[in-house]
Amino acid sequence: MDRSKRTPVIAGNWKMNKSRTGTKLLIRELAPLVSNARCNVAVCVPFTDLDAAMDAARGSNIIVGAQNCHWADNGAFTGEVSASMLTETGISLCVVGHSERRQYFGETDETVNQRLKAVLGAGMACIVCVGETLDERVMDKTLGVLRRQVTAALKDIPAEEMNRVIIAYEPVWAIGTGKTATAQDAQEACKFIRFLIGELYDAKTAEAARIQYGGSMNAKNAAELLEQPDIDGGLIGGASLKAREFSAIVGAASK
Ligand code: PGA
């Protein structure tokens, strides 16, 4: 399969931003700007904004996603939301393993795997985030970290379900810092992730897998990153909160 057969995914990660009103306004502003996109367009919003986002996105090509979900279907997990609660709201996409969750909320490789299984089990697609810290990069451990994170995240995930898994390579040092990985570094990491998927599954699964780059992607640097052969889209934080900026990235992915 050549790269043109993989549909790029441009996903906004709104993090803990926007009220319900702000959500509706941003999605209504964004919808006409991305209506001709030749890639998948998604916005991953806070739990409390999901239904407002679904309402505003109705009739558009914008997919609404969540930013996390618990692995259990229900139970004594105060503050958590399950995959079936998301699907009941009509949600079909969820992010797991974002570095902010790993850093601040005790997310481990093992819990990322459990959450991924829950998301897939509920029939949703999943963006699984991986990426090295600055220390790990400086110590030349990037590929080792990616191997550990990708292998653990995909443990016991069957090949047939990999079409609903998107891996987001997000070097931690590039997130929200304005420092982007060079297109070459990002390409090298995404290529390695594809190689790992080939090792864990087979060549066909690896070629079909969609791998995003994330970390200070914006309207200016998107084109160069997105033209790399192993980068199939982006997970965008800061720049996804501005309709024009985000739609320019969607435009770059649609070329
Ligand atoms: P950023 O965030 O684009 O603001 O760097 C990316 C992310 O955290 O997914």
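Is phenylalanine 192 buried or exposed? At 14% relative accessibility, phenylalanine 192 counts as buried, where buried means under 20% relative accessible area, exposed over 50% and partly exposed in between, with a 1.4 Å probe and protein chains only. The structure is a predicted model, in which local features need pLDDT of at least 70 and side-chain atom pairs count only at pLDDT 80 or more, while totals for chains, interfaces and linings use all residues. Residues are numbered from 1 along each chain as its sequence is written, and side-chain values use heavy atoms, with hydrogens and water left out.

Helices (H or I, at least four residues) and strands (E, at least two) are DSSP runs numbered from the N terminus. The ring centres of phenylalanine 192 and phenylalanine 195 are 6.0 Å apart and the planes meet at 25 degrees, so this pair is stacked. Rings of Phe, Tyr and Trp (its six-membered ring) pair if their centres lie within 6.5 Å; planes under 30 degrees apart count as stacked, over 60 as edge-to-face and the rest as tilted. Phenylalanine 195 is partly exposed, at 45% relative accessibility.

Three aromatic pairs are present in the structure. One of them is edge-to-face, because the rings of tyrosine 104 and phenylalanine 105 have centres 6.4 Å apart and planes at 90 degrees. Tyrosine 104 is exposed at 56% relative accessibility, and phenylalanine 105 is likewise exposed, with a relative accessible area of 55%.

Oxygen atoms of the ligand lie 2.6 Å from a polar side-chain atom of histidine 98, 2.6 Å from a polar backbone atom of glycine 176, and 2.7 Å from a backbone N or O atom of serine 216. The protein buries 95% of the 280 Å² that the ligand exposes when taken alone, with accessible areas from the Shrake-Rupley method and a 1.4 Å probe; for residues, only the protein chains shown count as cover.

Aspartate 232 is placed in the loop between helix H10 (222-226) and strand E8 (233-236). At 1% relative accessibility, aspartate 232 is buried. The side chain of aspartate 232 makes a polar contact of 2.8 Å with that of arginine 194. A polar contact is a pair of N or O atoms within 3.5 Å; within protein, one must be able to donate a hydrogen and the other to accept it, and residues adjacent in sequence count only if both atoms are side-chain atoms. Leaving aside residues up to four places away in sequence, the residues that aspartate 232 touches include Arg3, Arg6, Arg194 and Arg210, contact meaning heavy atoms within 4.5 Å.

In helix H11 (residues 243-253), the buried residues are Ala243, Phe246, Ser247, Ile249, Val250, Ala252 and Ala253. The buried residues of H11 pack against strand E1 (9-13), helix H1 (20-33), strand E2 (40-44), H10 and E8.

Lysine 18 occupies the loop between E1 and H1 and is partly exposed, at 36% relative accessibility. Among the residues that lysine 18 touches, not counting those up to four places away in sequence, is Asp49. The C-alpha atoms of lysine 18 and aspartate 49 are separated by 8.1 Å, although the two residues are 31 residues apart along the chain.
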